[in-house]
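The chain is shown below.

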Amino acid sequence: MAYPTLNDEPYPIKESRANSTISSEYDGGYEHTRARYTRVRKIFELTYQALSDADKILLENHIDTVNGAADSFDWTHPQTSVVYTVRFKEPPEFEYIAYNYWKTSFILKEV
């Protein structure tokens, strides 16, 4: 399943990395840390400033197809063209801004 092609580009796109560290504190004030995973997963926060009604419907249909935040899908980063397998952290919410345009922000987590 691929992310739908929308007419609007997300702006801004925030990128971060999932915290993959486990740490244990000891009575003497020492701390032991190690990596939890062998790879680091990326997190993307996308904001669409002005989605048209048609793009909103496409995105809502995609959300329904992937069962909200349950199933993964392929998303192509619009700047780098790298394809990531991601899922929604939570299903997006939409805010009506004016003249049949919508604003939304949501987080995609690499799986």
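Setting aside its neighbours within four places in sequence, Lys 42 is in contact with Glu 15, Ser 16, Arg 17, Tyr 84, Leu 108, Lys 109 and Glu 110 in this predicted model. Lys 42 itself belongs to strand β4. Its side chain makes a polar contact with the side chain of Tyr 84, at 3.4 Å. Lys 42 also forms a salt bridge with Glu 15, where the closest N and O atoms are 4.0 Å apart. This pair links distant parts of the chain, since Lys 42 is in strand β4 and Glu 15 in strand β1, 27 residues apart. Glu 15 has a relative accessible area of 44% and is therefore partly exposed.

Arg 17, one of the contacts of Lys 42, lies in strand β1. With neighbours within four places in sequence left aside, Arg 17 is in contact with Val 40, Arg 41, Lys 42 and Ile 43. Arg 17 counts as exposed because its relative accessibility is 55%, and the cut-off for exposed is over 50%. The C-alpha atoms of Arg 17 and Glu 110 are separated by 9.4 Å, although the two residues are 93 apart along the chain.

**Salt bridges**

How many salt bridges does the model contain? The count comes to three.

| Pair | N to O distance |
|---|---|
| Lys 42 and Glu 15 | 4.0 Å |
| Arg 39 and Glu 110 | 4.0 Å |
| Glu 60 and Lys 56 | 2.8 Å |

The side chains of Arg 39 and Glu 110 meet in a salt bridge. Arg 39 lies in the loop between β3 (31-35) and β4, and Glu 110 in strand β8, so this pair ties together parts of the chain that are 71 residues apart in sequence. Glu 110 is at 14% and so counts as buried, the limit for buried being under 20%.

Glu 60 is partly exposed, because its relative accessible area is 28%. Lys 56, at 12% relative accessibility, counts as buried.

In soluble globular proteins, nonpolar side chains tend to be buried together. The largest nonpolar core of this model has 17 residues, and the members that touch the most others are Tyr 3, Phe 73, Trp 75, Phe 88, Phe 106 and Leu 108. Two or more residues each come from β4 (42-52), α1 (53-65), β5 (73-76), β6 (83-88) and β8 (101-110). Strand β4 gives the most, with four residues.

Phe 106 shows what surrounds one of these members. Apart from its neighbours within four places in sequence, Phe 106 is in contact with Tyr 3, Phe 44, Glu 45, Leu 46, Tyr 48, Leu 59, Phe 88 and Pro 92. Of these contacts, Tyr 3 and Phe 88 are also among the core members that touch the most others. Leu 108, another of those members, is in contact with Lys 42.

**Surface patch and backbone features**

Ile 97, Tyr 99 and Tyr 101 make a nonpolar surface patch of about 370 Å². Ile 97 is placed in strand β7 (residues 95-98). At 39% relative accessibility, Ile 97 counts as partly exposed. Tyr 99 sits in the loop between β7 and β8. Tyr 99 is exposed because its relative accessible area is 73%.

Most residues other than glycine have a negative phi, and most peptide bonds are trans.

The peptide bond from Tyr 11 to Pro 12 is cis, with omega near 0°. Pro 12 lies in the segment before β1 (13-17), the strand that holds Arg 17.

How values were computed
Residues numbered from 1 in each chain as written. Predicted model: local features only at pLDDT ≥ 70, side-chain atom pairs only at ≥ 80, totals over all residues. Heavy atoms only, no water. Core = buried A, V, L, I, M, F, W, Y, C linked by side-chain atoms within 4.5 Å. Buried < 20%, exposed > 50% of the residue type's maximum accessible area, 1.4 Å probe, protein only. Contact = heavy atoms within 4.5 Å. Polar contact = N/O pair within 3.5 Å; in protein donor to acceptor, adjacent residues only side chain to side chain. Patch = residues over 30% accessible without salt bridge, like charges linked within 9 Å, V, L, I, M, F, W, Y side chains within 5 Å. Areas by Shrake-Rupley, 256 points an atom, 1.4 Å probe, with all protein chains shown as cover.
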